[in-house]
Amino acid sequence: MVVKSNSNGADAPNSGSSELNSNESVKSDPVDPTPTEEDEELDSTLRPTEWDEYVGQEKVKENIKVIVKAAKKRGDPHLEHLLLYGGSGLGKTTLSHLIAEEMGANIKVTAGPSIERPGDLASILTNLEEGDVLFLDECHRINKMAEEVMYPAMEDFKLHLVLGRGPMAETKEIDLPKFTLVGATTRLALISAPLRNRFGATFRLGFYSQEEMEDIIRRSADILEVEIEEEAVVKIAERSRFTPRVANRLLKRVRDFAQVKGEGKIEADIAEKALTFLEIDEEGLEPGDRRILKAVVDKFDGGPVGLKTLAAATSEQERTILNIYEPYLIQRGFIERTNRGRIATEKSYEHLDEVDIDNRKLL
Ligand code: ADP
C-alpha cells in the first residue's frame, strides 16, 4: 500500500457538503480541542458553574475542596498556588472558575502569550484585589523576564520593579494583595523548575471515561434544548476523544446536521451520518489521526519513526502531533512511543484495514 500525502482529500472533510457549508462555516478540524473563537460562546454557555455539574476528575475535585476548606478554616483569603495540567478542553479553565466560586473570590483571567514583558504582568498584579484568583492559562508560554517578576509575587506577594537602566537602576518593592495563582498548562515539561516549585500543588486532568462523556453530552443537550436519543449520546461520546470541549463541539455540529437533514431531533442514524460526514470514525479518529497512522504504517513500515520525520511526512506541525494527535492515539493504543520513536501497534493495522474495507471514504 503506497500512501501519497495529501493525495486523498483527507484535508478537506467538507468536500461534497454544500448544503451545510452554505449555512455555516464548518471547521475543518472538529476534534482538535484547542479553543477557537467559535468555541468561546459554546464554552461559556455550557461551562459548569457548580461543582456538581463538573463531571468526573473526582480525585482532583476532592483534593481542591480540601485545600479550599482548610484555607477558609485558617481564615486565609487565598490558597496555595495551584497548577493544573492536561490537554486542551479537559476542564482546566472551568475548574479555576469553580475554585474562585468556592472561595467566594473574583477571578481574573489571562494567558501566557499575552504577557510579553514584565510590565504586562506588573499591571495585572497591581490591579488584583485581596483574595482574587488569577488564572494564568498556558503558563509555560509566559515571557521569561516576566516569569522572574512572578517569583516574588507568588512567594511573598511582592512586586520587584526595576526603575531605570544600567548602573543607575533601582529596585523598588511594592506590596501586592494576597492572591491565588491558578496556572494551567498543556505542557508540564515546558514549565521551568523555579516556576513549578512555587506552586503548592499540581493536579493532572486526564481523559474522561465513556460514561462521564455521556453525562456531559446529556447535560449539554439539555442546556442547548435539543432532543437526543440515548444511542446518539453514546455515539457522540465514543467519538469525542474523551474531551468535553470536543464532545460539546460535536454535539453542536450534529445538532446542526439534524436541523438541516432531519427533523431536529438527534436520532442515532442522524448522529451516525453527521459523524461520518465529519469524517470521524468509530474509534474517534479524524483524517489527521489516520494520516499519521498511515504514514507510520506505510511510509515507515510501522516505525519506529521520530517526531520530526513524521511531521515532515504528514505536513503537520510537530506541536500539533505532540499536543493533539499523539496523546489520543497513544491513549487508544494505536501507537506507542519508544525512545527510538513512534511505533504503530497491531490495532493500527487492523483499524486502517477496516476503514479501508468499509470503503466509507474515511481515509
Ligand atoms: P481547558 O481550560 O482545559 O481547555 P475548559 O475548562 O475551557 O477546558 O473546558 C471546555 C468546555 O468543556 C467547558 O466550557 C465545558 O463546557 C466543558 N467541560 C470541561 N470540563 C467539564 C466537566 N468536568 N464537566 C462538564 N463539562 C466540562
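Tutor: Let us start with the second largest pocket, whose lining divides into 8 nonpolar, 2 polar and 1 charged residues. Here Ala, Val, Leu, Ile, Met, Phe, Trp, Tyr, Cys and Pro count as nonpolar, Asp, Glu, Lys and Arg as charged, and the others, Gly among them, as polar. Please note that this is a predicted model, in which local features need pLDDT of at least 70 and side-chain atom pairs count only at pLDDT 80 or more, while totals for chains, interfaces and linings use all residues. Residues are numbered from 1 along each chain as its sequence is written, and side-chain values use heavy atoms, with hydrogens and water left out.

Student: Which residues line the second largest pocket?

Tutor: Its lining includes Pro118, Gly119, Met145, Glu148, His160 and Val162. The elements giving two or more residues to this lining are α5 (118-126), α6 (144-156) and β4 (158-163). Helices (H or I, at least four residues) and strands (E, at least two) are DSSP runs, numbered from the N terminus.

Student: What volume does this second largest pocket have?

Tutor: The volume is about 270 Å³.

Student: How many cavities of 30 Å³ or more are there?

Tutor: The structure holds 2 of them. On a 1 Å grid over the protein atoms alone, a cavity is a set of points where a 1.4 Å probe fits but cannot get out, and a pocket is an open set with protein on both sides within 12 Å along at least five of seven lines; lining residues have an atom within 4 Å of a point. Grid points are joined across faces, edges and corners, and a volume is the space filled by probe spheres set on the points.

Student: What lines the second largest cavity?

Tutor: Glu38, Asp39, Leu42, Arg249, Lys252 and Arg253 do. By class, that is 1 nonpolar, no polar and 5 charged residues. The volume of this cavity is about 40 Å³.

Student: Now the ligand. How many residues surround it?

Tutor: There are 20, and the closest are Arg47, Gly89, Lys92, Thr93 and Thr94.

Student: Which backbone atoms lie by the ligand's oxygen atoms?

Tutor: One is a backbone N or O atom of Gly89, 2.7 Å from a ligand oxygen. For Gly91, a backbone N or O atom lies 3.0 Å from an oxygen atom of the ligand. A polar contact is a pair of N or O atoms within 3.5 Å.

Notes. Near = heavy atom within 4 Å. Polar contact = N/O pair within 3.5 Å; in protein donor to acceptor, adjacent residues only side chain to side chain.
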